[in-house]
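Good morning, everyone, and thank you for making the time.

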Amino acid sequence: MRDEGRQGVRYPQGNVLLRNLARDFPVVTHGQGVHLFDATGKRYLDASAGALVASVGHGNREVVDRIHEQLLRIAYVNGTHFTTEVTEQLASRLCALAPPGLERAAFLGSGSEAVEAAVKFARQLCVERGQPQRTKVVTRVPGYHGNTLYALSLSGRPHYKQFFGPMLAEVVTTPAPYPYRSGLEDYERDGAEHYARLLEETLLREGPDTIAAFIAEPVIGSSAGAAPPPPGYFERVSALCRKYGILTIADEVMCGCGRTGRFFASDLFDFTPDLLVLGKGISGGYAPLSALLVRQAHLEEMRQGSGGFMHAQTYLQAPAMTAAGLAVLDYYERHDLVTHAARVGAHFQRRLRETLLPLPYVGSVQGVGLMAGIEFVEDIESRRPFPRSRKVVEGLMAELFERGLVLWSNTGHADGTNGDLLMLGPPLVITEAEVDALVDTLAQGINHYFRREP
Ligand SMILES: Cc1ncc(COP(=O)(O)O)c(C=O)c1O
């Protein structure tokens, strides 16, 4: 079997601890632009940019050359002893683009790490301010903030937590705006008031002065299929947090770095958070990299108090990672990639809706820019999900994979157990013609699958 793998087909039983033990994985040999190629020569259109990571596409030589140059110069220094030109430049360039007040950046290796750092920053600031009773974080359901224990605690995904309950931290939850399942007659009109009222009830029940921070994805990622907030939502929840002295954290790990057609998704919704977290697209997959952006004024409070933020990890500000971030940011600017993503994103959203909504079992198509979610339901009228035992989205994924289309599936968002969702988020470099090919293959695959498995 292994020899078969070495010849380039699959590695069914190698030494890698695979996430899915029930199937074999194709061996990818290379990628170019929006495409991946496996060892049999099969070509895939990477319609989810991996896990919405490959922002500047695969095999991007401009980016690789820049990283290579930096690696030869210096790949690693201890971020608690030294800084480097490449890290300084990335921080100043990101902060110049960021919502007002976010003037300092720390760099880490993953979205989960940056979320953990954001929560620790918020907590430390409360203690420095003489408010040690602020120990809780309010998070939204559905939502996802990562897979380390505290980030998982913050994630509104019950089935990810099934084995780990006793080890998770207690967090406070409030419903996230979820257009398809809000139950509201007019989500656009009433959503902001409705969800802000639910948040305020939660704060008052818990005691607002026990809460350190409120964390939210400006556009919800895979846990609700690229769900945008209703108009005015972030204005209202920010005002509530300000009123009660609660810090706001924007988790832009998935929706940041141009995916919505703006570099920062918060800007789309006039959200000016106290802390902001980036990941994924920031390095486009060319190195592990995430960022935590904080307010200079808050850091100054720490400087005058304990002396600084009590947090570091081995790869804090490592130049091998920040070189990838800077090379990717340069690529964005040289190719005006955010404007491109906004333009092609509008085409993508239009094509998805007009092609997929008429298909059977497609309950909703939603999203912003180059991120979208498609929810499949057994009954369109009542929005009743398929029973999980049918494994609809798994079947669909297999069908699409066969057709050379790579997407990202999700389950459980309808009621914690049921729900079949496909998440799309192609590389931002995708062209309109490639979007058309993507949507056509997707529609053919969906039609074929449901003809076979009604
Ligand atoms: C919104 C959001 N936050 C945090 C994370 C965690 O990032 P990572 O998987 O890099 O730890 C993810 C990952 O999907 C995410 O989508």
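I will go through the domains, then the sheet and its helices, and finally the ligand.

A word of caution before that: this is a predicted model, in which local features need a pLDDT of at least 70 and side-chain atom pairs count only at pLDDT 80 or more, while totals for chains, interfaces and linings use all residues. Residues are numbered from 1 along each chain as its sequence is written.

The chain is divided into domain 1, covering 2–48 + 336–452, and domain 2, covering 63–334, with bounds that come from an automatic or database domain assignment. Their C-alpha centres lie 26 Å apart, and the contact takes 28 residues from domain 1 and 24 residues from domain 2, where contact requires C-beta atoms, placed from the backbone, to lie within 7 Å.

Now to the sheet, for which helices (H or I, at least four residues) and strands (E, at least two) are DSSP runs numbered from the N terminus, and two strands pair if DSSP finds at least two bridges between them. Seven strands form an open sheet with mixed pairing, in the order β4-β10-β9-β8-β7-β5-β6. Because β4 (102–108) and β6 (172–175) stand at the edges with a single partner strand each, one side of each is left without a neighbour in the sheet.

What does β5 pair with on its two sides? Three bridges join β5 to β7, running parallel, and four bridges join β5 to β6, also parallel. Lysine 136 stands opposite isoleucine 211 in β7, whereas valine 138 has valine 172 in β6 as its bridge partner. Five of the six residues of β5 are buried, meaning that 20 or more other C-beta atoms, placed from the backbone, lie within 10 Å of a residue's own.

Further along, four bridges join β7 (residues 211–216) to β8 (residues 247–252), which run parallel, and phenylalanine 214 stands opposite threonine 248 in β8. Helix α5 (residues 111–128) packs on this sheet, touching β4, β5, β7, β8, β9 and β10.

In total, 14 residues surround the ligand, the closest being Gly111, Ser112, Gly146, Val253 and Met254, with a residue counted as near if its C-beta atom, placed from the backbone, lies within 6 Å.

Note on methods:
Two residues are in contact if their C-beta atoms, placed from the backbone, lie within 7 Å. Axes are lines fitted to C-alpha atoms, for helices over the stretch in contact, and angles run from 0 to 180 degrees between N-to-C directions. A residue is buried if 20 or more other C-beta atoms lie within 10 Å of its own, exposed if 12 or fewer, and partly exposed in between; C-beta atoms are placed from the backbone.
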